[in-house]
Amino acid sequence: MKVIHFIPSIDRTSGGVGAYMQLLSKELGKLCELHIVTSKSENPLPIENATLHYIPCNITAYFNMKKEWISLLNTIHPDIVHINCCWLPCSAFTQKWAQQLGFKVVLSPHGMLEPWIISRNYWTKKLPALLLYQKAAVVNADCIHATAESEKNNLLKLGYNKNIEVIANGIDVDSIRMKDNWERKKNILFLSRIHVKKGIEFLLEAVALLKEQLADYTINIAGEGDYDYIVSLKNKTKELGIEKMVNFCGGVYGEIKWKVFRDADVFVLPTYSENFGIVVGEALACGTPVITTKGTPWEELSTEHCGWWTEIGTEPTKEALLSFLSKDSESLKVMGNNGRKLVNTKYSNKVISYLIFELYKKIILK
């Protein structure tokens, strides 16, 4: 089987979408002939078991993008074309051109059609994009790939396409070393793309309300993002009187990232909206309990006793941190082992890649 994935960027700043492609290719590329088409960037993530192709992905290079994409399709002649992301014209147009040539297409929105995302800049950006190209792309896809039942339900509410399959993102559990000590290091970690969607303000405000209880703790904010937004967060720590408690680490990668996960007593992702939240799975694989919101599909944090699944906001984040503070090291160890077991059982990259491969076969046979 030949498969082409189109993804606008695999740069390390692309967040969970880039990480998804990196993880998926490692195992999916063992099951099929995998090609990844993307744009050139300064810091691309390393990709295994796939052939990379670079084309212009900017709408200003429309004609070159179309020419090079169609040339690749005609040369490789894939059985399936898998398009990643929404709202960028390059994703919608590569899908359209592939389908005009008769290729079957899977579309992965990666949470970009969630209500919170659509509501952001709706009248100035989202509605024009829907009218010009995005709605047609969703309607015409042979299959929509959702990463959680909650994402599927929100996609069904749009009413654009009922052909939706749910397959979670995968975690490369085998390559992730688990922590071996749950004695408190007094580190609280946020690690993700620094973006307004992530709800970082809720964490900062919750910490400010718990200044006395968290007096000896360091709050590590790890990730890259818009410079002005990061400056605004730093200013907020000063306004809240917690600037000495908060450490903005910048982007962390490779073994440093895994060490940061293991050194954290708890990982906090107070996000408004995630279709999956791959960093949650990564933290759990490291044996670190997680606090995240019902804007993610991670109810298993509660049901499998490996973290806290809260409402969105400052007060729920504060209450979860208080619950975390009440736990002794043995309780945190039990939660850590529960989290690792959950990821290993349900979200192993090998299992997820096989399910994606089986989805492709199902679509081909239709």
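The accessible surface of this protein comes to about 16,000 Å², and 51% of that belongs to carbon and sulfur atoms. Keep in mind that we're looking at a predicted model. Of the 366 residues, 54% are buried.

As for the overall build, there are 14 helices and 13 strands. The radius of gyration is 21 Å, close to the 21 Å that the globule rule gives for 366 residues, so the protein is as compact as a globular protein of that length. Along the principal axes, the C-alpha atoms fill a box of roughly 65 × 40 × 40 Å. If you take contacts between residues at least 6 apart in sequence, 71% of them join residues at least 24 apart.

On the charge side, you get 43 positive and 39 negative side chains, with the centres of the two sets 4 Å apart.

Now for the aromatics: a search of the whole structure turns up 16 aromatic pairs. Here are two of them.

| Pair | Ring centres | Angle between planes | Type |
|---|---|---|---|
| Tyr 62 and Phe 93 | 5.6 Å apart | 85° | edge-to-face |
| Phe 202 and Tyr 272 | 5.3 Å apart | 55° | tilted |

Tyr 62 sits in helix H2 and Phe 93 in helix H3, 31 residues apart. Tyr 62 is partly exposed at 25% relative accessibility, while Phe 93 is buried at 16%. Both belong to an aromatic cluster that also takes in Phe 63, Trp 97 and Tyr 133.

In the other pair, Phe 202 lies in helix H7 and Tyr 272 in the loop between strand S11 and helix H10, so parts 70 residues apart in sequence get tied together. Phe 202 is buried, at 14% relative accessibility, and Tyr 272 is partly exposed, at 29%.

Key
Residues are numbered from 1 along each chain as its sequence is written. This is a predicted model: local features need pLDDT of at least 70, side-chain atom pairs count only at pLDDT 80 or more; totals for chains, interfaces and linings use all residues. Side-chain values use heavy atoms; hydrogens and water are left out. Helices (H or I, at least four residues) and strands (E, at least two) are DSSP runs, numbered from the N terminus. The radius of gyration is taken over C-alpha atoms; the globule rule is 2.2 Å times the number of residues to the power 0.38. Buried means under 20% relative accessible area, exposed over 50%, partly exposed in between (1.4 Å probe, protein chains only). Contact means heavy atoms within 4.5 Å. Accessible areas come from the Shrake-Rupley method with a 1.4 Å probe; for residues, only the protein chains shown count as cover. Lys and Arg count as positive and Asp and Glu as negative; His and the chain ends are not counted. The place of a charge is taken as NZ of Lys, CZ of Arg, CG of Asp or CD of Glu. Rings of Phe, Tyr and Trp (its six-membered ring) pair if their centres lie within 6.5 Å; planes under 30 degrees apart count as stacked, over 60 as edge-to-face and the rest as tilted.
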